[in-house]
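Here is a short briefing on one chain. Start with the packing, then turn to single residues.

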Amino acid sequence: MSDTGNPYGGYGGAQMTAQASFGTAAPPQPGGLIKETTTQAFTKDVIEESRRQPVLVDFWAPWCGPCRQLTPVIEKVVNEAKGKVKLVKMNIDDHPAIAGQLGIQSIPAVIAFSNGRPVDGFMGALPESQVRQFIDKLGGPEGGADQAAEIAAVLEEAKGLYDEGDFDGAAQLYAAVMQADPENAAAVAGIANCMIALDQHERVRQILEGLPETLTKTPEIQAVATRLAQIEEARKLGDPVALEHQLSLDPDDHAARLKLAKIRNVEGRRDEAADHLLLIMKKDRTFDDDGARRQLLEFFDVWGFKDPATIQARRKLSALLFS
C-alpha cells in the first residue's frame, strides 16, 4: 500500500480515519446537550435518553431568583463536560406534574437520571465548583470505566485483524481508539506496527520522533522502536540463503546462525528465529557473552508476553536452562 491516502497515524501529519466511536470520542454539539421539556415529552427526553447517558433535570420557574443564578452555571458545566451528561430543563409553572410526583418542594432542584431512574440530585444554587464535582461524579467514573472496557475490546479486535494479516482493518480500529484516547500507547504502537508490516518504515520513524515523552517511555512504543531497529539491522546482515548454505557446511558457525535468526525474526518466522538462538545456547552458552539468550529476550519484548512464539520459546528456554 502506498503512503498516499491511507488511514495511518495521528502523529507525523498522517490523516486518520476511524470506523468506531467510544464514549466521548464524538460528543454531541453543545446545542444538543441542553433542552426544555414538557410533561408529555418527559419520558422520551429524560427516561429513554438516560439509558444512553446520564440526564440532569433542572426544575425551575421564571420567578425564582436562585434558579436564574444556577442556570448559567449548570449550562456552562454541562457544555464543558462534552457529552458526559445532558441537561433537560422543566418549568414547573407550566408543567408541575413531574415535580409533584418526585416530591420536589423547593427550587431550583436538579435530579440526575441514569438507566431510566433518578439516582442523585441537589437543591439550591450551588457554586460552579460543586456543580462540576456533581457532574464529574455522575458522568466520570462509570462512563470512564465503560469507555475503557470498550477500548480494550476494540484493541483486542484490532490485534486479531493484525494477526490475520488485515493491516488496513486493524489500523482503522487503532485509529478509532486514538480518536477517543490520543495517547493510548497500545493504539499508537498498533498503527505503527501496521505501517511496518506495509513497509512504511520512514513514516514510523517520523511518528516515533514526534511522540511526547510520556509515550516514548511506554513498553509498547519502546517495543516498536526496537522492532524497527531490528529490521534495519537485518537488512545489513546479508542473504539468508547464503547464511543457510554456510550453516549446512558448518552447523557450529554461531555468528551465521545468529544473523539468520535476526533475519527470520523480521520476516515474521518467529519460531524459526527462536529455534536458531536456542540451538546456539545449547551448543555454546559462552558465545558472544551469552548473546543468543540476550537476543531471544529482546525478541520476547517485541513479540509480547502472550504471543504464541514467545510462550513456546519460553518453555524451551526454561527446559534448556533448568535441565
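**Core packing and selected sites**

The largest nonpolar core holds 32 residues, and Y174, V204, L208, L211 and V224 have the most contacts inside it. A nonpolar core here is a set of buried Ala, Val, Leu, Ile, Met, Phe, Trp, Tyr and Cys residues joined through side-chain atoms within 4.5 Å. This is a predicted model: local features need pLDDT of at least 70, side-chain atom pairs count only at pLDDT 80 or more, and totals for chains, interfaces and linings use all residues. Residues are numbered from 1 along each chain as its sequence is written, and side-chain values use heavy atoms, without hydrogens and water.

- Helices (H or I, at least four residues) and strands (E, at least two) are DSSP runs, numbered from the N terminus.
- The top contributor to this core is α7, with 9 residues.
- Apart from this core lies another, of 20 residues, including V55, A61, I92 and I98.
- Not counting residues up to four places away in sequence, Y174 touches L155, A158, K159, A186, A187, G190, I191 and C194; contact means heavy atoms within 4.5 Å.

**Helix pair α7 and α10**

- The two helices α7 and α10 pack at about 15°, with axes 8 Å apart.
- Axes are lines fitted to C-alpha atoms, for helices over the stretch in contact, and angles run from 0 to 180 degrees between N-to-C directions.
- α7 and α10 are therefore roughly parallel (under 35 degrees; over 145 is roughly antiparallel, 65 to 115 roughly perpendicular, the rest oblique).
- On the α7 side the contact uses A185, A186, V188, A189, A192, N193 and I196; on the α10 side, E220, I221, V224, R227, L228 and I231.

- K89 sits in strand β3 (residues 86–91).
- At a relative accessible area of 6%, K89 is buried (buried is under 20%, exposed over 50%, partly exposed in between; 1.4 Å probe, protein chains only).
- Beyond four places in sequence, K89 touches I34, K35, E36, T37, D58, W60, T71 and E75.
- R132 belongs to helix α4 (residues 128–139).
- R132 is partly exposed, at 26% relative accessibility.
- Leaving aside neighbours within four places in sequence, R132 contacts V77 and E80.
- R132 and V77 are 55 residues apart in sequence, yet 6.1 Å apart in space, C-alpha to C-alpha.
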